[in-house]
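Student: Please take a close look at the aromatic rings in this model, and go through how they pair with one another.

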Amino acid sequence: NWMLIYLTREIRNDTKVFPGSPLPKFITWTKMDVHQYHSEVIFMSTHTGTHMDAPSHFVNEVSSIDQITVARFISNAILIRIKKGIDQLITTNDIVASNVRIGQGDTIVFSTSWENEIDKDHYFSHSPGLSEDAANYLVDKKVNAVCIDSPSIDRGTDNNFPVHKILLSNQVLVVENLCNLDKLQDQYFTLIMTPLKLSGASGSPVRAIAVDKKFGKIE
């Protein structure tokens, strides 16, 4: 028995974006009454909404999003619920205290409850994130990816992005802006996260889907 839970935010013209990034724009390209079919053009950052950072986002001469092995997009995942507020850090002690069994190649998903702050002015500027020691701890564990329900794996006040640099330089993928983590019942689940194969790009929006084994319906 299993249930699918969609962990991805919808991308709209008014989707909140990281300060300095362009708002996404949907442009009607063809219309049914003129061309006999509908189509659109989309203009947006590759780091819009729920998205994956490739190593090349912060490191030169490393993998872009199209070069990541497809096997990494489906992995065993571990949900760690650690409620964090304005400017707070997730530490190694927080991870250890959660008593999870982290195996090589696992994906770590942090639920901080910050996803509920998306309509607040401080959603980007004062979001919680990982500490550098927590990032190094997860690199040592040889995890596949680190995911979070805040807009950045680094806290919003840190403009040096140390956690991005630690994880991505060690080929650990980063996924940001997850949602619906409160719907997950099982701490250990399968996570599917599929970026577009964008040649040379530093990231891509993803459709993130949790396969929660405890349930028998599809949500």
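Tutor: Two rings of Phe, Tyr or Trp, the six-membered ring being used for Trp, are taken as a pair if their centres lie within 6.5 Å, and planes over 60 degrees apart count as edge-to-face. The model is a predicted one, and by this rule it holds four aromatic pairs. In one of them, the ring centres of F18 and F124 are 5.8 Å apart while the planes stand at 90 degrees, so this pair is edge-to-face. F18 belongs to the loop between β1 (3-6) and β2 (25-30), whereas F124 belongs to the loop between β7 (107-111) and β8 (129-130), so the contact ties together parts that lie 106 residues apart in sequence. The two partners can also be described by their accessibility: F18 is partly exposed, at a relative accessible area of 32%, and F124 counts as buried, at 11%. F124 also pairs with Y123, again edge-to-face, with 5.2 Å from centre to centre and 85 degrees between the planes, and Y123 is itself buried, at 1% relative accessibility. Taken together, ring pairs link F18, F58, Y123, F124 and F161 into a cluster.

Aromatic rings in this model also have charged groups placed over them: the charged end of R101 sits over the ring of Y188, 4.7 Å from the centre of that ring, and R207 lies over the face of Y6, at 5.4 Å from the ring centre.

Technical notes
Residues are numbered from 1 along each chain as its sequence is written. This is a predicted model: local features need pLDDT of at least 70, side-chain atom pairs count only at pLDDT 80 or more; totals for chains, interfaces and linings use all residues. Side-chain values use heavy atoms; hydrogens and water are left out. Rings of Phe, Tyr and Trp (its six-membered ring) pair if their centres lie within 6.5 Å; planes under 30 degrees apart count as stacked, over 60 as edge-to-face and the rest as tilted. Helices (H or I, at least four residues) and strands (E, at least two) are DSSP runs, numbered from the N terminus. Buried means under 20% relative accessible area, exposed over 50%, partly exposed in between (1.4 Å probe, protein chains only). A charge sits over a ring if NZ of Lys or CZ of Arg is within 6 Å of the ring centre and within 35 degrees of the ring normal.
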